[in-house]
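The following exercises ask the reader to derive a description from a sequence and its coordinates. Each task is followed by a solution in steps.

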Amino acid sequence: GIEKALPLLAMAQFFEVGGLEAILTDYIDARCCEKTASLVDFLGMAYTLGLEAFESRFMHEIACKFSQFCTNERLASFATEKIIDLFKDPEFCCWGRCDIASFMVLHLKMASEVSANEFSSLLHFKDKMLPEDACFLLSMMYHIGCDFDPTEYLDSMAQDMTKLCADQLVELPMRILLELFSSDNLHVKAEVDVYTLVRSIVEERERRSNPVTQEELFQLLNCVRFKFLC
């Protein structure tokens with residue numbers, strides 16, 4: 001199979017055995033589309049063996065069928081520059097509009113280090129976002145120090161606040177939280193859920209030895225639109 005042909009191809013290239021190289025190249029090229037489920041494994045092998053042509057080929061095949069790989073942890077573990085190359089493919093295809101952002105979050109959680117430039121390049125390719133993904137990306141923007149407009153992310157989060165918890169929100173700066181809780185588009189199952197989130201954020205900040213100030217507390221409570229708090 002291809003998994004055996006790739007190391008042989010690398011050896012044929014190293015020892016400059018042109019005839020064998022041509023045969024193996026044709027063999028792999030003809031069969032790489034037949035094993036979609038193994039494309040990420042083949043990509044990893046090609047990368048490790050230094051087979052740049054097939055690395056590009058497997059990357060292209062994955063990009064064309066990205067919806068089948070958007071939860072693949074092995075693919076998400078690749079270097080950020082490789083993920084950006086994947087998104088740049090002119091035939092990149094993803095059916096789910098939130099899947100790209102979700103894959104970005106999966107990658108970023110696994111990446112050891114991502115520069116501000118790489119992070120900004122990744123965000124260029126996102127489409128729609130789930131609330132929890134928007135929250136993670138917004139928090140990471142803040143920590144990396146990117147210059148950004150939070151509106152799009154806050155709108156995604158506000159669409160369904162039931163998907164968020166204090167552990168996620170507490171990472172955001174207070175000005176962002178106030179903008180989120182003041183949004184006219186805030187959607188929760190019940191109004192009391194907003195108060196519960198606010199209280200949980202205050203408690204979590206206390207646990208992290210970073211308590212909210214009295215002014216911040218009043219600002220947060222001002223976002224809780226309940227008659228019993230008036």
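The model is predicted: local features require pLDDT of at least 70, side-chain atom pairs count only at pLDDT 80 or more, and totals for chains, interfaces and linings use all residues. Residues are numbered from 1 along each chain as its sequence is written, and side-chain values use heavy atoms, with hydrogens and water left out.

**Exercise 1. The fold as a whole**

Determine the secondary structure content of the protein chain and its overall dimensions.

Step 1. Assign the elements as DSSP runs, numbered from the N terminus (helices: H or I, at least four residues; strands: E, at least two). The protein chain then has 14 helices and 0 strands.

Step 2. Compare the radius of gyration with the globule rule (taken over C-alpha atoms; 2.2 Å times the number of residues to the power 0.38). The protein chain has 23 Å, whereas a compact globule of 230 residues would have a value near 17 Å.

Step 3. Take the extents along the principal axes: the C-alpha trace spans about 85 × 30 × 25 Å.

**Exercise 2. Burial, contacts and charge**

Describe the surface of the protein chain, its share of buried residues and its charged side chains.

Step 1. Classify residues by relative accessible area (buried under 20%, exposed over 50%, partly exposed in between; 1.4 Å probe, protein chains only). Of the 230 residues, 42% are buried.

Step 2. Compute the accessible area (Shrake-Rupley method, 1.4 Å probe; for residues, only the protein chains shown count as cover).

Step 3. Examine the contacts (heavy atoms within 4.5 Å). Among contacts with a separation of 6 or more, 68% join residues 24 or more positions apart.

Step 4. Count the charges (Lys and Arg positive, Asp and Glu negative; His and the chain ends not counted), placing each at NZ of Lys, CZ of Arg, CG of Asp or CD of Glu. There are 21 positive and 37 negative side chains, and the centres of the two sets lie 5 Å apart.

**Exercise 3. Helices H9 and H12**

Which helices pack against the buried residues of H9, and which elements are included in the cover of the buried residues of H12?

Step 1. Just after H9, Gly145 takes a positive phi of about 95°.

Step 2. List the buried residues of H9, which include Ala134, Leu137, Leu138 and Met141. An α-helix has 3.6 residues a turn, so residues three or four places apart point the same way.

Step 3. Identify the partners. The buried residues of H9 pack against H7 (99-110), H8 (116-123), H10 (151-158), H11 (166-169) and H12.

Step 4. Turn to H12, in which 6 of the 8 residues are buried: Met174, Ile176, Leu177, Leu178, Leu180 and Phe181. Their cover includes H9, H10, H11, H13 and H14 (214-221).

Step 5. Inspect the residue Pro173, in the loop between H11 and H12. Pro173 is buried, at 12% relative accessibility. Its C-alpha lies 8.4 Å from that of Ser139, 34 residues away in sequence, and Ser139 is itself one of the buried residues of H9.

**Exercise 4. Individual residues**

Are Lys82, Val194, Asp184, Glu16 and Ser209 buried or exposed?

Step 1. Lys82 belongs to helix H6 (residues 80-88). Lys82 is buried because its relative accessible area is 15%. Neighbours within four places in sequence aside, Lys82 contacts Tyr47, Glu55 and Met59.

Step 2. Val194 lies in H13 and counts as buried, at 8% relative accessibility. Val194 and Met161, 33 residues apart in sequence, are 8.3 Å apart from C-alpha to C-alpha.

Step 3. Asp184 occupies the loop between H12 (174-181) and H13 (192-207). With a relative accessible area of 72%, Asp184 is exposed.

Step 4. Glu16, in the loop between H1 (2-14) and H2 (18-31), is exposed at 70% relative accessibility. Glu16 has a positive phi of about 55° although it is not a glycine.

Step 5. Ser209, in the loop between H13 and H14, is exposed, with a relative accessible area of 66%. Ser209 is not a glycine, yet its phi is positive, at about 55°.
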